[in-house]
Amino acid sequence: MRFIDEAVILVRSGSGGKGCVSFRREKFVPKGGPDGGDGGRGGDVVFQAELGLNTLLDYHFKRKHTAQDGAPGEGRRMSGRGGLDLVLKVPVGTLIFDENGVVLGDLVAPGQQYVVCQGGHPGKGNQNFALPWRQAPDFASPPGPAVEMTVRLELKLLADIGLVGLPNAGKSTMINRISAAKAKVADYPFTTIIPNLGMVQVGDRSFVVADMPGLIEGAAEGVGLGIQFLRHCERTRALAHLVDVSSGLDPVESFRVVEGELASHGGGLESKPVVVVATKIDMPDTQDATDALKALALSRGLKFHAVSARTGEGIEALVWTLAGLALSPVDPL
Ligand SMILES: Nc1nc2c(ncn2[C@@H]2O[C@H](COP(=O)(O)OP(=O)(O)OP(=O)(O)O)[C@@H](O)[C@H]2O)c(=O)[nH]1
Ligand SMILES: [Mg+2]
């Protein structure tokens, strides 16, 4: 399955309704004046950020989205009904680009809206055009046309901390432990294919953690799940880099592989603060690997924690470190 956090779609607003050309006809009123009503306004196409959505998958299945046209005006000064706006729901953190790659909108808050195409203005009925010297106007003004455009949506989830590491490092187990997330956990690689978000509570404050799919060597060239999902980490404040010290692999080498892939992705990931986390320390014979990883972290000036998401050992201290990074007053965005 492909990781989907980008979609190209065609959106079209509604055209304005035509204005009506009509003259009043009533008993005993031989020459009624113009009474053609206005058309209705065309519907807008609006993007709206929604909590609870975390993928743009739906937009891969349905690519064309059209708002309703305005209805034409009618005689007796009756206006046409306005076209309904089309509200397209997208996850919080969705960026909207035009065909040339220019950012049109960045929906960072739940409920935030961006009107991407305005509906056409209504045509005015001939009732509007009567003048003393033109009492029987036989025309209506033309309605505004529908606007059609191609937009690219890109999702960059908004999280404070990104959990990164090799497949099976224990990232999803970690997010489940420290938040109410219910990420799928399994003892095979690439269990996580779409990032999971979790809200971590510390005292009366909270921050958001994103559990990322696993990275492997060559991810930057598309191996495994590739690294396109790493764009979600671009807006985090810091990364927690999880290394399984029970796997038998050299932890320092494991760390370097993932670090290399992060650097290949770029986008500022290479310079984010990193917390190095040795995971699964409840397993036997993990001391040497833990020490080696710790030595590496300290030699780089990086914070280090050794934890078990299974027993909870070390988790509280890690959460405080993450909170310190996530809730620091300096905004890196
Ligand atoms: N003993 C022990 N096992 C753990 C711990 N954390 C995770 N595991 C196990 O390690 C395996 C992988 O855990 P996941 O949380 O799915 O790992 P992940 O990093 O999210 O993996 P991907 O999504 O595939 O990248 C599962 O079998 C977990 O039960 C831990 O602290 N101790
Ligand atoms: Mg996972």
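The model is predicted. An automatic or database assignment divides the protein chain into domain 1 (1–155) and domain 2 (161–326). Taken over C-alpha atoms, the centres of domain 1 and domain 2 are separated by 46 Å. Contact between the two involves five residues of domain 1 and eight residues of domain 2. The side of domain 1 that touches domain 2 has two nonpolar, two polar and one charged residues.

Helix α3 (residues 251–265) has 15 residues and, at 1.5 Å a residue, should span 21 Å; the C-alpha atoms at its ends are 21 Å apart, so the two values agree. Buried residues in α3 are P251, S254, F255, V258, E261, L262 and H265. Because these cover an arc of only 130 degrees around the axis, they lie on the same side of α3. E253 and A263, on the other side of α3, are exposed. Just after α3, G266 has a positive phi of about 70 degrees.

The cover over the buried residues of α3 includes the following elements.

| Element | Residues |
|---|---|
| β9 | 161–165 |
| β12 | 238–244 |
| β13 | 274–279 |
| α4 | 287–300 |

Which residues come nearest to ligand 1? Of the 24 residues around ligand 1, they are G170, S172, D187, T192 and G214. Helix α2 (residues 171–178) supplies three residues, the largest share of the shell. By class, the shell around ligand 1 consists of nine nonpolar, 10 polar and five charged residues.

Definitions and conventions: Residues are numbered from 1 along each chain as its sequence is written. Chains are lettered from A and ligands numbered from 1 in the order in which they are written. This is a predicted model: local features need pLDDT of at least 70, side-chain atom pairs count only at pLDDT 80 or more; totals for chains, interfaces and linings use all residues. A residue is near a molecule or strand if its C-beta atom, placed from the backbone, lies within 6 Å of it. Helices (H or I, at least four residues) and strands (E, at least two) are DSSP runs, numbered from the N terminus. Ala, Val, Leu, Ile, Met, Phe, Trp, Tyr, Cys and Pro count as nonpolar, Asp, Glu, Lys and Arg as charged, and the others, Gly among them, as polar. The expected span of a helix is 1.5 Å times one less than its number of residues. A residue is buried if 20 or more other C-beta atoms lie within 10 Å of its own, exposed if 12 or fewer, and partly exposed in between; C-beta atoms are placed from the backbone. The arc is that of the directions from the helix axis to the C-beta atoms. Two residues are in contact if their C-beta atoms, placed from the backbone, lie within 7 Å.
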